Amino acid sequence: MADNTDRICAGRTVIVTGAGGGIGRAHALAFAAAGADVVVNDIGAELDGTPRADSPAARVVEEIVDLGGKAVVNGDDVADWAGAQRLIEQAVETFGGLDVLVNNAGIVRDRMLVNLSEEEWDAVVRVHLKGHFATMRHAAQYWRAESKAGRAVDARIVNTSSGAGLQGSVGQGNYGAAKAGIAALTITAAAEFARYGVTVNAIAPSARTRMTETVFADMMAKPEDGFDAMAPENISPLVVWLGSADSAGVTGRMFEVEGGKVALADGWRHGVPVDRGARWEPAELGAVVRELIAKATPPEPVYGA
């Protein structure tokens, strides 16, 4: 584990969902190195959601314990209402409270929209979007009770969106829609949870994971030497900082993070309107819309277009 000067999350209890591998594993190890007690959640599934025989979460816990940290396994399905509640309860019962919830769990079932099945849509939206909501709701219920009881709350939620949710991604309509929903959910929760002492932010990471290394194989390839910009460990420092007490006051924000780069993503904003002062006739709007588009900043390109 890191020395005391790096332990910015000492004494804090953190849940990381989908922490059996990839970015989630990196988060769990980084929080432990920063002094946190960690609940390592992973249902132990393959990329498409099918169960695995082994327990990747148990291996991550073993890594943390071997390094002198404290961690426990949780195998609940975050998109199951009762499972999400058990996850929050386990953190509180095991470590005496909860300070940080990192929502990272997800699956992909990539397909062009014209070929996408109802099951493939439902599965991805369920794990990503409902999985974020269910854990957030039960965690917020705990923090609200703590706040109403007069106990100080300095809690954090860090959600995981994606460039696919911010700009769209060809062949990932289900995934992109779920990730866009997470972005909207984040800013709504930030506004609602502030009264309880909870900040809510999100990241749109770019790193090598099971989800990206096949879809973007060339981009995600590990270099033979030098800085590995796509290593999942590059994402975790920002998430650990967002989970620390030092991030108080930062809420409702979307961070893009890749390699050594950190940026704020700017969301939808009101454009300058053209106001007729009365109802438009349909035929009048062609020139107006074309003028609005000509004056506007061009949208970011869709991934894969």
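V302 counts as partly exposed because its relative accessibility is 36%, where partly exposed lies between buried (under 20% relative accessible area) and exposed (over 50%), using a 1.4 Å probe and protein chains only. This valine sits in the segment after α10 (285-295); helices (H or I, at least four residues) and strands (E, at least two) are DSSP runs numbered from the N terminus. Please keep in mind that this is a predicted model, in which local features need pLDDT of at least 70, side-chain atom pairs count only at pLDDT 80 or more, and totals for chains, interfaces and linings use all residues. Residues are numbered from 1 along each chain as its sequence is written, and side-chain values use heavy atoms, with hydrogens and water left out.

**Surface**

**Overall fold**
- The chain has 10 helices and eight strands.
- Its radius of gyration is 21 Å, close to the 19 Å that the globule rule gives for 305 residues, so the chain is as compact as a globular protein of that length. The radius is taken over C-alpha atoms, and the rule is 2.2 Å times the number of residues to the power 0.38.
- Of the 305 residues, 45% count as buried.
- Among contacts (heavy atoms within 4.5 Å) with a separation of 6 or more, 71% come from residues 24 or more positions apart.

**Nonpolar cores**
- The largest nonpolar core has 30 residues, of which F31, V38, V40, I64, V102 and I203 touch the most other members. Such a core is a set of buried Ala, Val, Leu, Ile, Met, Phe, Trp, Tyr and Cys residues joined through side-chain atoms within 4.5 Å.
- Helix α1 gives this core its largest share, five residues.
- Beyond residues up to four places away in sequence, F31 touches partners including V14, V38, V102 and V239.
- Another core lies apart from that one, with 24 residues, among them V39, A91, M136 and A190.

**Two buried positions**
- G18, in the loop between β1 and α1, counts as buried because its relative accessibility is 17%. Leaving aside neighbours within four places, G18 contacts G24, N41, D42, N104 and A105.
- T186, in helix α6 (residues 173-193), is buried with a relative accessible area of 1%. Leaving aside neighbours within four places, T186 contacts N159, V200, N201 and A202.

**Salt bridges**
- The count comes to 12 salt bridges, each a side-chain nitrogen of Lys or Arg within 4 Å of a carboxyl oxygen of Asp or Glu.
- D77 and R126 meet at 2.6 Å, N to O, and this pair links distant parts of the chain, 49 residues apart.
- R156 pairs with D154, their closest N and O atoms being 2.9 Å apart; R156 is buried at 1% relative accessible area, whereas D154 is partly exposed at 33%.
- E291 and K295 meet at 2.8 Å, N to O; both lie in helix α10, four residues apart, about one turn of the helix.
- Salt bridges that share partners join R25, E63 and E233 into one network.
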